[in-house]
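Here is a short tour of the model you have open. Please keep it in view as you read.

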Amino acid sequence: MSLEQEPSSTGAAETAFALPERLKLLAFGFLLAFFSSFGQTFFISLFNADFRAAFDLSHGGIGTVYSIATLASGLCMIKLGAQLDRMPLRRFVIATLLGLALACLLTFSVQSVIMLGIALFLLRLCGQGLMVHAAITSMARHFERSRGKAIAFASMGNPAGEAVFPLTVVLVTAAVGWRTTWLLAALFLLCVLLPLVLFLLHGGRAGSFQPKGGASFRLGPFVRQPLFLMMLPGLMASGFINTGVFFHQIHITEVKGWALAWFATCFVAFAISSVCANLASGALIDRLTARRLMPFYLIPLALACLVISLGNSPWIALVYMLLAGLTAGSNTSVTTAMWAETYGTSHLGSIRAVAAALMVISTALAPGLLGLLIDFGVSVNALLAGCAAYCLVGITLYGLAFRRDFRATQK
């Protein structure tokens with residue numbers, strides 16, 4: 001597959017879309033990203049103490065179960081996510097939402113560690129994986145001239161969920177219990193979200209769109225390209241670090257002496273920061289191109305990890321969330337637009353499936369690896385300092401991979 005962008009007809013399609021259809025498509029992307037929260041780490045980790053108590057698991061134990069489930073979902077993403085290039089968007093989304101509702105029902109009724117692993121696998125695959133994949137890929141595919149802004153708008157569903165759900169889950173769980181909370185999530189997906197999504201896609205060309213033409217996507221040559229290999233560490237950094245911190249937030253708050261409610265409240269700052277970064281990155285992508293922005297978006301996360309490793313003041317949690325939110329908010333927009341700019345949109349579903357799989361795999365590694373290191377006595381500060389160093393590696397490799405684009409910005 002050539003590194004040059006393939007011819008794309010999405011610009012014409014965007015022009016032909018009536019304004020109401022474009023608005024409905026944007027709402028569709030936002031809602032899918034927002035309710036993918038049911039499969040995101042920050043949401044699931046709020047039930048860690050309940051899972052550990054129910055099945056007598058240590059930090060490393062629950063982290064290992066979570067990591068195995070997430071790793072399996074990441075591997076499945078490569079195959080299942082590519083179906084977005086082969087089947088209508090509407091059918092893809094129906095299957096994904098039904099899968100996520102089933103995952104919530106399994107979590108509600110879980111009775112063993114094995115059953116918990118299956119439930120977590122489906123939550124991660126359908127929630128964090130396929131729902132976000134459908135939302136962002138549809139934005140990148142059907143908007144060209146305003147691709148950055150469209151991706152940024154849909155991506156805001158993620159920080160919005162991070163702002164709304166943590167405190168909501170704490171309150172709902174306190175009122176009805178953790179199992180009933182998952183039952184309510186399943187009922188909402190089936191009775192509210194699924195009909196709403198079908199309404200937003202009804203009658204629109206995006207819902208029935210199927211890509212055509214071009215040679216078939218070949219995974220092997222793609223992942224062996226020097227450009228891809230140089231990007232690999234940076235692509236995995238944000239998912240790995242934020243998942244590790246969020247999944248082990250109870251342990252981190254205990255070590256730092258912070259109230260868990262305070263840390264949960266700081267997710268609002270993370271969300272606000274993410275939204276601001278989303279909006280800014282979307283506009284910059286349309287103006288400068290995503291390839292030129294790639295070497296810069298990890299810098300705030302590196303600073304966040306460094307700051308939280310150096311002190312225990314409660315305000316450090318807020319600083320971490322603000323800085324980490326800048327990277328999280330720009331991550332999806334910058335990387336997705338970069339794939340479209342570099343490879344075109346004909347195989348965007350398959351390419352983003354690989355990228356999403358990498359992100360999911362990185363989130364699979366973090367809970368288990370960090371949990372085991374915690375069990376072996378490695379301090380939280382040492383772990384976070386190591387994460388800062390890893391970000392610097394990713395930033396350096398990005399700079400080398402896109403040095404020609406970086407030079408272009410200096411002219």
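## Overall fold

The chain holds 22 helices and 0 strands, with helices (H or I, at least four residues) and strands (E, at least two) taken as DSSP runs numbered from the N terminus. This is a predicted model, in which local features need pLDDT of at least 70 and side-chain atom pairs count only at pLDDT 80 or more, while totals for chains, interfaces and linings use all residues. Residues are numbered from 1 along each chain as its sequence is written, and side-chain values use heavy atoms, with hydrogens and water left out.

Of the 411 residues, 58% count as buried; buried means under 20% relative accessible area, exposed over 50%, and partly exposed in between (1.4 Å probe, protein chains only). Among contacts (heavy atoms within 4.5 Å) with a separation of 6 or more, 87% join residues 24 or more positions apart.

## Confidence

The predictor's confidence in each residue, pLDDT, runs from 0 to 100. Its mean over the chain is 83, and 90% of the residues reach 70 or more. Where pLDDT is low, the predicted coordinates should not be read in detail.

## The nonpolar core

A nonpolar core is a set of buried Ala, Val, Leu, Ile, Met, Phe, Trp, Tyr and Cys residues joined through side-chain atoms within 4.5 Å. The largest one here has 122 residues, and Tyr 320 and Trp 339 have the most contacts inside it. Helix α7 (residues 113-142) supplies the largest share of this core, 14 residues.

Have a look around Trp 339: leaving aside residues up to four places away in sequence, its partners include Phe 222, Phe 228, Met 231, Leu 235 and Ile 351.

## An enclosed helix

Helix α14 (residues 249-256) is largely enclosed by the rest of the structure, because 6 of its 8 residues are buried. These are Gln 249, Ile 250, His 251, Ile 252, Thr 253 and Lys 256. Just after α14, Gly 257 takes a positive phi of about 80°.

## On the surface

The accessible surface of the chain comes to about 15,900 Å², with 70% belonging to carbon and sulfur atoms (Shrake-Rupley method, 1.4 Å probe; for residues, only the protein chains shown count as cover).

Leu 310 lies in the loop between α18 (299-308) and α19 (314-343). Its relative accessibility is 68%, so Leu 310 counts as exposed.
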